Structure formats: C-alpha cells, structure tokens
Amino acid sequence: MKALDYAFLSTGNITKEGLPESEERYGGYIDRYLLFKDAKLKDLFENLYNEVYVAGYYRGLIRSKNMIDLDFEATKEFFYRLGIEIED
C-alpha cells in the first residue's frame with residue numbers, strides 16, 4: 001500500500017492528507033488517480049490485493065516460498081507497468 005501511496009502522490013493530483021484511509025478505498029483511488037486504461041493491469045491489481053494483502057497479510061494463508069516469490073514478481077511487474085521501479 002505504501003508503494004501505491006507513492007504512485008498517487010506522484011500524479012500531483014492528491015496530497016498526503018488526501019491518501020486513502022482504508023484498504024477498501026484504494027480501488028476507487030486507483031480508478032480515479034492512476035486511470036487504468038488497461039483492464040489486465042486492473043485485474044492484476046485485484047489479484048495481487050486478494051493474494052498478498054488479504055490472504056497473505058490478514059489471514060496468514062501464504063506460507064510457501066514459491067508463492068511469495070511469484071507474488072513478489074507479479075508485484076514488481078504491476079509497479080513497472082505504472083512506471084515505478086521496485087528493487088529486489
């Protein structure tokens with residue numbers, strides 16, 4: 001979520017005080033401020049949100065190193081497509 005905050009702030013259309021206050025609001029902010037024109041990119045975000053944030057963080061369901069590695073690579077691809085480089 002911190003990387004998304006950075007992406008929102010980099011658009012210049014939102015201030016630090018205007019960042020989403022809850023996880024549920026991130027989806028609307030993504031539509032409004034990052035302007036996904038690529039449906040595959042939006043689907044990738046929704047998949048990552050469900051796998052990494054919900055299943056991994058909230059429920060602790062992701063324990064396989066292979067799954068973590070795959071999710072990390074998908075996350076890097078997502079931010080690369082937004083123009084944000086993520087280092088290993």
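Select Met 1, Ala 3, Leu 4, Phe 45, Leu 48, Tyr 49, Val 52, Tyr 53, Thr 75, Phe 78 and Phe 79: these residues line the largest pocket of this predicted model, each having an atom within 4 Å of a pocket point. A pocket is an open set of points on a 1 Å grid, for a 1.4 Å probe, with protein on both sides within 12 Å along at least five of seven lines. The space inside is about 240 Å³, taken as that filled by probe spheres set on the points.

Residues are numbered from 1 along each chain as its sequence is written. The model is predicted, and local features need pLDDT of at least 70, side-chain atom pairs pLDDT 80 or more, whereas totals for linings use all residues.

Next, colour α1, α3 (39–58) and α4 (65–81), each of which supplies at least two lining residues; helices are DSSP runs (H or I) of at least four residues. The most come from α3, with five. By class, the lining has 10 nonpolar, one polar and no charged residues, with Tyr and Ala among the types counted as nonpolar.

Then display α1 (residues 2–10) with α2 (residues 23–34), whose axes, fitted to C-alpha atoms, come within 10 Å and cross at roughly 30°. The two helices are therefore roughly parallel, a term for angles under 35 degrees.

Finally, show the side chains in contact (heavy atoms within 4.5 Å): Leu 4, Asp 5, Ala 7 and Phe 8 of α1, and Tyr 26, Tyr 29, Ile 30, Tyr 33 and Leu 34 of α2. This contact has eight nonpolar, no polar and one charged residues.

Technical notes. Heavy atoms only, no water. Axes fitted to C-alpha atoms, helices over the stretch in contact; angles between N-to-C directions. Parallel < 35°, antiparallel > 145°, perpendicular 65-115°, else oblique.
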